[in-house]
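Student: I would like to learn how to read the features of a model like this one. Please go through them one by one.

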Amino acid sequence: MNDPMDIPAFDVLVIGAGPAGSEASMAAAGAGAHTLCLTINLDMVGYPPATPALVDGPGDPRVLLLEEMTALGGRLPDALAREGVVVYGDPAGKLLVDRRQLGLAYKEMLENEAGLDLRQALVTSLEPSTDGWIVGTKLGEHFSAASVVIAAGTFLQASVDDGGSVVPGGRIGEIPANALAKTLQNAGFHLVEVEAATMPRLGIRSLDHEVDYKSKRGHRLLEDGRQLGEMLGYGLESHGNRDSQLHLLREHAGLSEAWITRPSYSVFHYILAAGQIDTNLESQALPGLFFAGRAAGSCNYLEAATLGLLTGRRAAMRQRARIANNLIPDTICIIKLCRRIAEQESRPVTIRTDDTGC
């Protein structure tokens, strides 16, 4: 390791730059903390790889969650206001986004946030120090930070099951953060394996445009990546190889000639088990270490972004010795989500339903 005097020092260091890591980084920097965000791939900053449904419509408590996040100054609402980001939104609250456009919006905001450095690096080590934490990367770099936010998404000890072929990866074609997972386990954290399933993408020119895609089976085709000419097969997750997936898809009305541009696949990865962080999302055993988003145990990108907002603020506040629950009194959904993240045994966690699963 470099001499401690030569290690770049930050107030807050965020590991990961999906919706949770992006929100955490901007929240910390916005609170005045000198912040560093490390991500495996700078080209994928802010990009949510799986289901683009942020709110499922009437009765979904995430309608209120988005209102609470907006009141707290989250940046997701700013991204949603940009042209092309929202694919479908209605007064009842149903909200779906174009993942590519959302990622680009987040990336631009991060790159222009004052007090925030954004770098590409694979984090391989995390060690307590007298002043907080020393974070090491695969290239042998080291950084120090008073507080660290783990927002590694689906990358902790991750493998991709692509039609029965299982390979290491946090997403298709991207390397996993296995060393970071091992570091957390060596520090005493209990991690559990969960699955994140994706939905297929279909070529828009292969579809029968005369059909109503709200079929009796409940599937919908939604624009997703308009530059790429793709439609999301919402609710059409399928397993098996590409031939079997295509066969199943073509049984649906309007899809008899469809082709798959991106098949369904699953990512099996580790997340934090319950009982190890408090409702401030901070480690009970190792103060100054926070967990957000999927790594903390959440399901949905809106929920993940909200947890990122909270951890970024709290990490910055802790660095200034002002640790406190800074929620406004009426954040009913946020308080409920944080309590579930801290306490609920079944993982992952959502506020959308009281049943197990997302």
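**Reading the model**

Tutor: Leaving aside neighbours within four places in sequence, D60 is in contact with V55 and R352, where contact means heavy atoms within 4.5 Å. This is a predicted model, in which local features need pLDDT of at least 70, side-chain atom pairs count only at pLDDT 80 or more, and totals for chains, interfaces and linings use all residues. Residues are numbered from 1 along each chain as its sequence is written, and side-chain values use heavy atoms, with hydrogens and water left out.

Student: Where is the place of D60, and is D60 buried or exposed?

Tutor: Buried means under 20% relative accessible area, exposed over 50%, and partly exposed in between, with a 1.4 Å probe and protein chains only. D60 has a relative accessible area of 6% and is therefore buried. D60 sits in the loop between strand 3 (53-55) and helix 2 (62-71); helices (H or I, at least four residues) and strands (E, at least two) are DSSP runs, numbered from the N terminus. From there the D60 side chain reaches the backbone nitrogen of R62 at 2.9 Å.

Student: How many aromatic pairs does the structure hold?

Tutor: A pair of aromatic rings is described by the distance of the centres and the angle of the planes. Rings of Phe, Tyr and Trp (its six-membered ring) pair if their centres lie within 6.5 Å; planes under 30 degrees apart count as stacked, over 60 as edge-to-face and the rest as tilted. The structure holds two such pairs. For F189 and F291 the centres are 5.2 Å apart and the planes at 65°, so this pair is edge-to-face. F189 lies in the loop between helix 5 (178-186) and strand 12 (191-197) and F291 in strand 18 (residues 289-291), so the pair ties together parts that are 102 residues apart in sequence. F189 is buried at 7% relative accessibility, and F291 is buried at 1%.

Student: Which residues have the most contacts inside the largest nonpolar core?

Tutor: A nonpolar core is a set of buried Ala, Val, Leu, Ile, Met, Phe, Trp, Tyr and Cys residues joined through side-chain atoms within 4.5 Å. The largest one has 83 residues, and L13, L54, L76, V148, I150 and F291 have the most contacts inside it. Helix 8 (residues 301-319) gives the most to this core, with nine residues. A second, separate core of eight residues includes L207, L221, L249 and A258.

Key:
A polar contact is a pair of N or O atoms within 3.5 Å; within protein, one must be able to donate a hydrogen and the other to accept it, and residues adjacent in sequence count only if both atoms are side-chain atoms.
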